[in-house]
Amino acid sequence: MKILVTGGLGFIGSHTVVELQNKGYEVVIIDNCSNSSPDVIKGICEITGKDLVFEKFDLREKDKVQEFFKRHNDIEGVIHFAASKAVGESVEKPLLYYENNLSTLVYILQQLANKPSASFIFSSSCTVYGQADELPITEDAPVKAAESPYGNTKQIGEEIIRDTCKVHPALKAIALRYFNPIGAHPSAEIGELPIGVPQNLIPFITQTAIGLREQLSVFGDDYPTSDGTCIRDYIHVVDLAKAHVVALQRLLDGKNASNYEVFNVGTGTGSSVLEVIQSFEKVSKQKLNYKIVERREGDITAAYADTTKANSELGWKAKSTLDDSLTSAWKWEQKVRS
């Protein structure tokens with residue numbers, strides 16, 4: 001069975017490709033390598049021992065998307081990761097985010113809507129909840145006005161999919177609202193390797209520890225939390241990748257309750273920035289150079305998932321601890337810089 005993974009050379013995409021191949025799926029990747037590298041293919045193949053098809057182009061080029069689906073008319077499912085994803089950058093470059101995250105989604109859905117049946121997994125985000133009224137966050141929590149253009153593209157993206165599914169019953173879709181993916185494959189063959197200055201906490205931590213960055217900035221210590229720093233739900237990327245495969249299988253097996261569903265994907269546990277730093281220092285035996293700076297625009301105080309629905313309906317549960325995730329991230333960083 002042939003599955004398209006857009007953004008399949010990225011951090012979450014590459015780990016998901018591994019899990020798909022491990023389950024026997026034939027995988028085709030589209031990636032423009034704007035925040036990834038073709039070198040990732042070697043790591044994927046090293047882990048799985050299987051070949052994959054890779055096509056390098058930008059999904060904003062509508063004619064290329066149309067031509068791709070003509071050539072690959074046997075695609076049975078799509079897992080859509082391709083998107084710009086840095087909250088801070090989205091505040092500075094909103095039009096880039098709206099074009100890149102929404103037009104690409106529309107072009108793919110236009111192709112899937114023409115098929116007799118198709119399964120679609122959307123890489124959504126807990127940012128759709130904004131600062132939730134209650135923690136942990138359930139799927140029934142209200143979607144709030146987005147704190148950033150990035151968050152808004154995920155909200156609008158979900159609306160586009162929901163509206164499309166209403167009029168195309170043969171299209172089945174699941175939006176996975178995930179929390180904060182971290183870590184790397186235990187083999188250290190693939191992991192998170194942002195181009196330029198990292199926008200996420202963990203690669204900045206590991207790059208600081210290895211000497212690539214001089215200092216880690218902790219954005220604010222005056223939030224209403226136990227230690228004043230923001231709280232997030234950090235999920236190991238392999239656990240997250242497995243959730244995508246389980247969700248896809250649900251649609252392919254026709255076990256979905258409706259043709260558009262939403263699931264939270266997290267651990268159910270919140271960790272503060274300082275707790276993450278302490279965990280990293282423990283597992284790596286490295287003292288981290290960090291300082292507290294001003295809050296960052298677009299950040300919320302706390303977000304962690306209620307995973308009951310994913311646990312019961314998908315039969316999926318996160319298995320790795322924060323220490324496990326940070327151990328794998330540090331192993332990956334050391335390999336990349338060796």
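I started with charge: the protein has 36 positive and 44 negative side chains, and the centres of the two sets lie 4 Å apart. I counted Lys and Arg as positive and Asp and Glu as negative, leaving out His and the chain ends. For the place of a charge I took NZ of Lys, CZ of Arg, CG of Asp or CD of Glu.

A note on what I'm looking at: this is a predicted model, where local features need pLDDT of at least 70 and side-chain atom pairs count only at pLDDT 80 or more, while totals for chains, interfaces and linings use all residues. Residues are numbered from 1 along each chain as its sequence is written, and side-chain values use heavy atoms, without hydrogens and water.

Next I looked up the fold. I found eleven helices and 14 strands (DSSP runs numbered from the N terminus: helices are H or I with at least four residues, strands E with at least two). The radius of gyration is 19 Å, close to the 20 Å from the globule rule for 338 residues, so the protein is as compact as a globular protein of that length (taken over C-alpha atoms; the rule is 2.2 Å times the number of residues to the power 0.38). The C-alpha atoms fill a box of roughly 55 × 45 × 40 Å along the principal axes.

Then I checked burial: 56% of the 338 residues are buried (under 20% relative accessible area; exposed is over 50%, partly exposed in between, with a 1.4 Å probe and protein chains only).

Last, I picked Arg-162, which sits in helix H6 (residues 149-167). Arg-162 counts as partly exposed because its relative accessibility is 36%. Its C-alpha atom is 15 Å from that of Glu-139, 23 residues apart along the chain.
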